Amino acid sequence: AFAYLAQASGYFRRLEQNTLDKLPPDARVRVLFDHQENRDRFQRIRRLQQKHGFSVGQIVLGYLINQPFPVFALVGPKTLADLKDSIACADTKLSKEDVDYLQYGDA
């Protein structure tokens with residue numbers, strides 16, 4: 001799979017930095033990604049951050065690249081820091097349990 005918008009247009013990073021509300025309600029990132037399922041998923045991302053010490057970006061891309069099928073995450077970093085974070089994701093290993101937890105929660 002080729003994952004376009006692999007980092008959800010920065011949605012989870014905006015939640016982390018508490019900047020999502022600075023965007024207009026009709027901003028693409030809000031329209032496409034801001035719903036309760038992703039807000040709940042962000043809380044699970046935070047728990048995995050505490051468990052593994054990964055960045056939000058590493059967990060988001062780690063979720064994609066640790067699927068049981070080949071995934072190619074197409075990223076579009078806006079800064080050098082974003083690029084470095086995306087490159088670090090190549091070594092991000094999430095267990096099947098972590099991937100399932102991100103997808104389904106404690107189901």
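Reply: Start with a term: a residue counts as buried when its relative accessible area is under 20%, and as exposed when that area is over 50%. The model here is predicted. We begin with helix α3, residues 36-52.

Me: Which residues of α3 are buried?

Reply: The buried positions in α3 are N38, R41, F42, R44, I45, L48 and Q49. Viewed down the axis of α3, they fall within an arc of 170°, so the buried residues line one face of the helix. The exposed residues Q36, Q50 and K51 sit on the face turned away from that buried side.

Me: What covers the buried residues of α3?

Reply: The cover includes α1 (11-17), α2 (28-33), α4 (56-65) and α6 (96-104).

Me: How many residues does α3 have, and what does it reach from its first C-alpha to its last?

Reply: α3 has 17 residues and reaches 24 Å, close to the 24 Å expected at 1.5 Å a residue. Just after α3, G53 takes a positive phi of about 80°.

Me: Now to packing. How are two packed helices described?

Reply: By the angle between their axes and the distance between the axes. For α3 and α6, the angle is about 155° and the axes are 8 Å apart. Angles over 145 degrees count as roughly antiparallel, and therefore α3 is roughly antiparallel to α6.

Me: Which residues make that contact between α3 and α6?

Reply: From α3 come R41, R44, I45, R47, L48, K51 and H52; from α6 come D98, Y101, L102, Q103 and Y104. By type, the residues of this contact divide into 5 nonpolar, 2 polar and 5 charged.

Me: At what angle do α3 and α4 pack?

Reply: At about 110°, with the axes of α3 and α4 10 Å apart. That angle makes α3 roughly perpendicular to α4. F42, I45, L48 and Q49 of α3 meet V56, I59 and V60 of α4 in the contact. These residues divide into 6 nonpolar, 1 polar and no charged.

Me: Why is α4 described as largely enclosed by the rest of the structure?

Reply: Because 9 of its 10 residues are buried. Those of α4 are V56, G57, Q58, I59, V60, L61, G62, Y63 and L64.

Me: What covers the buried residues of α4?

Reply: The elements over them include β1 (2-3), α1, α3, β2 (72-73), α5 (80-88) and α6.

Notes
Residues are numbered from 1 along each chain as its sequence is written. This is a predicted model: local features need pLDDT of at least 70, side-chain atom pairs count only at pLDDT 80 or more; totals for chains, interfaces and linings use all residues. Side-chain values use heavy atoms; hydrogens and water are left out. Helices (H or I, at least four residues) and strands (E, at least two) are DSSP runs, numbered from the N terminus. The expected span of a helix is 1.5 Å times one less than its number of residues. Buried means under 20% relative accessible area, exposed over 50%, partly exposed in between (1.4 Å probe, protein chains only). The arc is that of the directions from the helix axis to the C-beta atoms. Contact means heavy atoms within 4.5 Å. Axes are lines fitted to C-alpha atoms, for helices over the stretch in contact, and angles run from 0 to 180 degrees between N-to-C directions. Angles under 35 degrees count as roughly parallel, over 145 as roughly antiparallel, 65 to 115 as roughly perpendicular and the rest as oblique. Ala, Val, Leu, Ile, Met, Phe, Trp, Tyr, Cys and Pro count as nonpolar, Asp, Glu, Lys and Arg as charged, and the others, Gly among them, as polar.
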